[in-house]
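Welcome, and thank you for joining this tour. Please open the model in your viewer and keep the selection tool at hand.

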Amino acid sequence: MASKKRVLSGMRATGKLHLGHLVGALENWVKLQEQYQCFFFVADWHALTTDYADTRGIPENTIQMVTDWLAAGLDPQKSVLFLQSRILEHAELHLLFSMITPLGWLERVPSYKEQREQIRDKDLGTYGFLGYPVLQAADILIYRAHYVPVGEDQAPHVELTREVARRFNTTYSKVFPEPDVLLTPTPKLPGLDGRKMSKSYGNTIELGDAPEAIRQKVSTMLTDPQRVRRSDPGRPEICPVFGFHRRYSPAEVVAQVDADCRTAGIGCVDCKALMAAHLITALAPIQERRRAYESKPQQVWEILVEGSKKAQRSARATMRQVRKAMGMVYPAAAGPAGRAGKRPQRKQAPVTETPTVTPQ
Ligand code: SF4
């Protein structure tokens, strides 16, 4: 495992995941763990950058999300799955990086302006929100990751991480490799209403939805608006239902639907039912694993605790180098242990307790 290149990625603790997450990230993560040494983390501190005012759901959201990770096929024997807030070294490195990161770099990040304009119901004029990419740089660099798998919209964040690494390396000494972007194809699955699938739009199909719920949700999906009557020919290329067929139905079914839609040989009700059946079949193995983990949330938590221990070992090794590079290394404390030249053992934060998040 040690000879493999290291990949790091994370997700905000948003709770149960939907098909958009599966197709846009998780399926790729599952593949990456076969080829790389993967570190995947729950970004619970990142959730605070926008949701600092209401933190109640974060622990439960964390467990639900990791349950979906495991259900989708992430394997704790192959990947390190961990919780950001269990590793206080992320906060230390974030603070140290904040000393060398010019404000202009942060104000230039495209998503900063965009989100401040779009999210009107929260006050995002905070230090934490502006500094979010610095925390992200700390998350990535503390593991000395070689690659960060991202969609194109996230590439500027990784560029900022590279700039922070460069600035640290030139100001002090070379500690950090500059991580490369692993541009991953991020096929998008539309939501039920044809927009991007997103919890905030209420247009999702969750990985854990029961077959009946899937059939019901699919029955409400938007179709080609040109098909007003059953006899109207349709355009599958613009129909969200067809997008799902392409992903989940066998090739011969996709070809048949394509032809039948164009000639009004199939009605949308039947077409949706057919798609729902293939989707339910495709999700069955994931749902079976989800049910097994759902019944044992303690096991999910223990996987995170074990992963956090592994991640912390790596983070601590980096932080020793960082402090040394910055000249922030002090003599051992005075006293018998100090005089004997032995460093007194510092107590480290336990990693086995239930996660808690304190509102700021
Ligand atoms: S027949 Fe199927 S692909 Fe064609 S418009 Fe209706 S739902 Fe969409």
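Predicted model: local features only at pLDDT ≥ 70, side-chain atom pairs only at ≥ 80, totals over all residues.

**The whole chain**

Residues are numbered from 1 along each chain as its sequence is written, and side-chain values use heavy atoms, with hydrogens and water left out.

Now switch to a cartoon view. You can look for 15 helices and five strands; these are DSSP runs numbered from the N terminus, helices being H or I of at least four residues and strands E of at least two. The C-alpha trace spans about 90 × 45 × 40 Å along its principal axes. Of the 360 residues, 46% are buried, where buried means under 20% relative accessible area, exposed over 50%, and partly exposed in between (1.4 Å probe, protein chains only).

**Stop one: the cores**

Select Leu19, Leu22, Leu26, Trp69, Phe244 and Leu279, the residues with the most contacts inside the largest nonpolar core, which has 58 residues. Apart from it lies another core of 40 residues, including Phe41, Ile87, Leu124 and Phe176. A nonpolar core is a set of buried Ala, Val, Leu, Ile, Met, Phe, Trp, Tyr and Cys residues joined through side-chain atoms within 4.5 Å.

Stay with Trp69 and show its surroundings. Beyond its neighbours within four places in sequence, Trp69 is in contact (heavy atoms within 4.5 Å) with residues including Met11, Leu17, Trp29, Phe40 and Leu81.

**Stop two: strand S3**

Leu81 is the next selection, and strand S3 is where you will find it. Is Leu81 buried or exposed? With a relative accessible area of 1%, Leu81 is buried. Among its contacts outside four places in sequence are Phe40, Trp69, Ile303 and Leu304. Glu306 is 225 residues away from Leu81 in sequence, yet their C-alpha atoms are 8.2 Å apart.

Move to Ser79, in this strand of residues 79–83. Ser79 is buried too, because its relative accessible area is 2%. Which side chain joins that of Ser79 in a polar contact? It is Gln33, at 2.9 Å. A polar contact is a pair of N or O atoms within 3.5 Å; within protein, one must be able to donate a hydrogen and the other to accept it, and residues adjacent in sequence count only if both atoms are side-chain atoms. Ser79 also touches Cys38 and Phe40.

**Stop three: His18**

Next, select His18 in the loop between strand S1 (6–12) and helix H1 (19–35). His18 is buried, at 5% relative accessible area. Its side chain reaches the backbone nitrogen of Gly20 at 3.0 Å.

**Last stop: Trp45**

Finish in helix H2 (residues 44–51), which holds Trp45. Trp45 counts as partly exposed because its relative accessibility is 21%. Trp45 touches residues including Gln84, Ile87, His90 and Leu135. Tyr132 lies 87 residues from Trp45 along the chain, with 9.4 Å between their C-alpha atoms.
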